[in-house]
Amino acid sequence: MKHFLMSMIVTLVATSVTLPQETSPPPFVILETKIITPVDQYNQHLYYGWPTVGIDANDQLFAVASGGRDEHVCPFGRVDFIRSHDGGETWTWPQTALDGPIDDRDAGIVVTPKGTIIMTTFTSLAYEGTLNAAIANKNAGNPNFSETKLRNWLAVHHRVSVEERQNALGNWAVRSTDNGVNWSQRIDTIVNSPHGPIVLADGRLLYVGRKLWAKPELCGVAESTDDGKTWQWVAELPVRDGDSSGQYHEWHAVQTPGGRIVAQIRNHNPANNNETLQCESDDGGKTWTKPHTIGVWGHPSHLMRLQDGHILMTYGHRRAPLGNQARISADEGKTWSEPIIISGDGVSGDLGYPSTVQLKDGTLITVWYEKMQDYPKCVLRMAKWKLLEE
């Protein structure tokens, strides 16, 4: 896992795309693209990463991310929370909802039928390798670590003891029952994936992901039947012939109108490396098909059900065109459309983890993180877009 972790506000002119159906994505229009996190001289740690966007029954938008960061791997990570009351036109100043003693990373969010907001993350000590190297090179004039930077990293690192740092490792959630004003103590969710759990038709919360820091680190499914207060292990996920489960990362799932649960995987096995794999369950998450390829290069994906019952996947694309893409399935995940290019103007591979929600008027809101040309550190970026009638 440690190796895996190391591994302008712009408004676009609305442009619709309609190409021959056999080679094109569904027609769509990008309405707006902009930065939604604050960028100013008062923020010493501007790096925001690995967000998720959520929505409640009243079209209020929530976005969570790992904020307060120095860089991609560092000890400063916390979970920050912002909201929009006007469909993404404006966003609130970040509120810190969880700040543990070590690095709090990828943040997921889901709103339950009771209105409870559940936010997820995992904790990591991957930064220790970088920190130890900086300490060893202190007298060698390491250009990447000034004395001030090293002092700040050590100040965070030494907030707790070695034993307490180890105890802080885990897969966590916090809950809010008052619309994000207050948050619970952290809850062990057993597994983790960047965008968090989903709500099933029967009211259960299902969390498909990886059992981080356990021995062995299994890929599997956990569930909650009490609105996220407690979690139970349900099933281990199968492994494709020839694959290692240790190379399956960053799952997400969705339930189709017919009741099938579709889950997708960031794959780093030699076969279909850097592609998205998929598996399915027809019994509520108890048993699953073996992962299989769907012919999509890019990851990790976020899945959601559109108002018309179709399934939308959004995912990062870390080769040309650098950015974020989406595909649609009209047959409950059996086949997927050609890609919709949500953004393709990236300047580095430090981007992605897009997730999407749909407003009542059909507008889609996609949020991701990205290193941009004119900003020193990664920001959260949003696209507002619509699917058009064919």
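By class, the residues that line the largest cavity are eight nonpolar, one polar and one charged, where Ala, Val, Leu, Ile, Met, Phe, Trp, Tyr, Cys and Pro count as nonpolar, Asp, Glu, Lys and Arg as charged, and the others, Gly among them, as polar. The model you have open is predicted, so local features need pLDDT of at least 70 and side-chain atom pairs count only at pLDDT 80 or more, while totals for chains, interfaces and linings use all residues. Residues are numbered from 1 along each chain as its sequence is written, and side-chain values use heavy atoms, with hydrogens and water left out.

To see this first stop, select Thr37, Tyr48, Ala63, Val64, Ala65, Asp80, Phe81, Ile82, Pro94 and Leu380, which line the largest cavity. Strand 4 (61-69) and strand 5 (78-84) are the elements that give two or more residues to this lining; a strand here is a DSSP run of E with at least two residues, numbered from the N terminus. A cavity is a set of points on a 1 Å grid over the protein atoms alone where a 1.4 Å probe fits but cannot get out, and its lining residues have an atom within 4 Å of a point. The volume of the largest cavity is about 40 Å³, a volume being the space filled by probe spheres set on the points.

Next, select Ser193, Gly196, Pro197, Ile198, Leu206, Tyr207, Val208, His252 and Ala253, the lining of the second largest cavity, which holds about 30 Å³ of space. Strand 13 gives the largest share of that lining, three residues, and by class the lining has six nonpolar, three polar and no charged residues.

Now move to Ser355, which lies in strand 24 (residues 351-358).

Finally, select the cysteines, although a search of the whole structure finds zero disulfides, a disulfide being a pair of cysteine sulfur atoms within 2.5 Å. The sulfur of Cys74 is too far for a bond, because the closest cysteine sulfur, in Cys378, is 11 Å away. Cys279 is in no disulfide either, as its nearest cysteine sulfur, that of Cys219, is 9.5 Å away. Cys74 is buried, with a relative accessible area of 0%, and Cys279 counts as buried at 0% relative accessibility.

Terms used: Helices (H or I, at least four residues) and strands (E, at least two) are DSSP runs, numbered from the N terminus. On a 1 Å grid over the protein atoms alone, a cavity is a set of points where a 1.4 Å probe fits but cannot get out, and a pocket is an open set with protein on both sides within 12 Å along at least five of seven lines; lining residues have an atom within 4 Å of a point. Buried means under 20% relative accessible area, exposed over 50%, partly exposed in between (1.4 Å probe, protein chains only).
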